[in-house]
Every structure is written in C-alpha cells, then in structure tokens.
Amino acid sequence: VTVQQSPRIGFHPQAPELGWINGLGSKGSLMAPELTRILVTHIEHGTTLDTRYDISRLPAFQALKSGTPVERWNLTDVAHEFVKSVVHAGEIVVDATAGNGHDTLFLSRLVGTGGNVYAFDIQACALQRMSERLSQSGITNVMSIHASHALLEDSLPRTAHGQVAAVMFNLGYLPGSDKSQITQAASSLVALKSALKMLRPGGIISLMTYVGHPGGPEEDSALSDLVRELPSTQYNLNLAYSSPPNVKSPRLYLIRRRL
C-alpha cells in the first residue's frame, strides 16, 4: 500500500532513540519551527505529542512496530486502522454502503453498546446479509436504512449533524450479487458532500473506489475531483493505492476534518 501523509513527528517504532520530523513538503516547511518546539518540549518535559502530528497514531507505525510491512496490508486494513485511530466508544458512525456488513460490524464493535451506527444500502438483499452477520455477533447498536447513501443527510437525526466521528464508503457493486447494480457518480457525490457536513471536528471519511468495472472510473474521477478541491485549512487528505499500483487498482481516500 502506498500512503501519502501530512507532517508527522515522533520516534521510530523499532529504534525509539531515533526521532524525526518528516512529511513537511513545500507548504509544511513553514510548520518546522512549531513541530520542533513540540518535539523538544515532549523530550524535555514528557508532554503529550499533538495527536494531529503524532506518528504513533498512524497505521504504518503500528505495522512497523509489529514487524508487518505496510505493503502487505490490503486497503480494507488501512481504512480500518485509520478509522480506529479516530473513533471512540459511544460515538456516532455511518456505514454509507453496508453491503455484506463487514464495515458495519467493524464500526459497531468500535463504538460499543453506547454508540450508534447508521448503515445505508439501496439493496434489500444487502441489508438482509448485513443483519444476519450482525445477529450472529449479538450486535444491537445498528440502525439499518434501506435507502441510497445520497439521502444520508436527510436520514440522520438532527442531533447527529456535525457529530459523526466516521463515515465509511466501499463503492462499486455488492460482492456475490448482480454486478450490473453499481454505485453511481451522481449519488456518491451527493453522499460525500453530505458526509463532509456530518463530520465532527477530527472526524474521518474512508472512501474506497474501484476502477476495474464499467462505471467505476467515472465515479472515481468525479469523487477525486471533489476530494482534491477540499481546502487544506479544513481537511487533511491521505491517499492509498494497492501495491503495486496499476490502472485498475482500488483507491482509498482518507479525509480527516481538522480539529
């Protein structure tokens, strides 16, 4: 997996005596003095590193710490690790494309019994499969919504607006079902715009697109254009591709609202 990151500071997971400030780039170089101050203060006084820049909160750090190379991870693992680093027990989360329920189950366990999961799918058979999977695990904190993800904003209660910790999208078609029924660029754009409005400060959107089937490249292109136009003052963007990347590789966009 190839991932692009924002500036990070911290210590090497396998050689903790080695510290670094990295990922600055041309714009980020202006942050070097402040990042240096944060790191030096941490070393001298044991203060907590700012979570926006702490390298230890990234999936790549955990992979290195465990000895598992990041390139051996699949994109679902990457998405789950990023979401896990953001979401807390008791929060509100959304699975915008429930499908067979894998992400729904993951989110449900993440927020626990005190949290709420809203799971969308336009196909009744998908929601049935999801419900069976959740039932087998004794999950009771998921609200199933038989509707397009384009109705995300209207379907969530007003109290959830601006309070959602994570929204996960896994676009394309339902595995093991009719491959001609796919998510569409127009409705996915509406859904993504709604998801951006739903996020709490620090919240995250995981957006997986597939370009290996008819309609996939058009959907990815439309969503990519929107994602890349997001103001960097309000959102952090991470991109991940299957390794080695090729023209049919899935793409994972990780969008984090700034605190």
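The model is predicted. Its largest nonpolar core has 30 residues. Helix 8 gives the most to this core. Helix 5 is largely enclosed by the rest of the structure, because eight of its 10 residues are buried.

**Nonpolar cores**

- Within the largest core of 30 residues, those with the most contacts inside it are Leu-156, Val-167, Phe-169, Leu-192, Ile-205 and Leu-207.
- Several strands each supply at least two residues of this core: strand 4 (92-95), strand 5 (116-121), strand 7 (164-170), strand 8 (199-209), strand 9 (235-241) and strand 10 (251-257).
- Helix 8 and helix 9 (216-228) also supply at least two residues each.
- The contribution of helix 8 is five residues, the most to this core.
- In soluble globular proteins, nonpolar side chains tend to be buried together.

- Beyond four places away in sequence, Leu-192 touches Phe-169, Ile-205, Leu-207, Leu-223, Leu-226, Val-227 and Ile-255.
- Of these, Phe-169, Ile-205 and Leu-207 are listed with Leu-192 among the residues with the most contacts inside the largest core.
- Ser-188 lies in helix 8, which spans residues 185-198.
- Ser-188 counts as buried because its relative accessibility is 2%, and the cut-off is under 20%.
- Not counting residues up to four places away, Ser-188 touches His-149, Leu-171, Thr-183, Glu-219 and Leu-223.

**Helix 5 against helix 6**

- Helix 5 (residues 102-111) and helix 6 (residues 124-136) pack at an angle of about 40°, with axes 9 Å apart.
- That angle makes helix 5 oblique to helix 6.
- The crossing of the two helices is right-handed.
- Helix 5 makes this contact through His-102, Thr-104 and Leu-105. Helix 6 uses Met-130, Arg-133 and Leu-134.
- By type, the contact residues are three nonpolar, two polar and one charged.

**Burial of helix 5**

- The buried residues of helix 5 are Asp-103, Thr-104, Leu-105, Phe-106, Leu-107, Ser-108, Leu-110 and Val-111.
- The buried residues of helix 5 pack against helix 4 (75-84), helix 6, strand 4, strand 5, strand 6 (142-146) and strand 7.
- Gly-112 follows helix 5, and its phi is positive, near 70°.

Notes
Residues numbered from 1 in each chain as written. Predicted model: local features only at pLDDT ≥ 70, side-chain atom pairs only at ≥ 80, totals over all residues. Heavy atoms only, no water. Helix = DSSP H or I, 4+ residues; strand = E, 2+ residues; numbered from the N terminus. Buried < 20%, exposed > 50% of the residue type's maximum accessible area, 1.4 Å probe, protein only. Contact = heavy atoms within 4.5 Å. Core = buried A, V, L, I, M, F, W, Y, C linked by side-chain atoms within 4.5 Å. Axes fitted to C-alpha atoms, helices over the stretch in contact; angles between N-to-C directions. Parallel < 35°, antiparallel > 145°, perpendicular 65-115°, else oblique. Left-handed = near helix turned anticlockwise from the far one by under 90°. Nonpolar A, V, L, I, M, F, W, Y, C, P; charged D, E, K, R; others polar.
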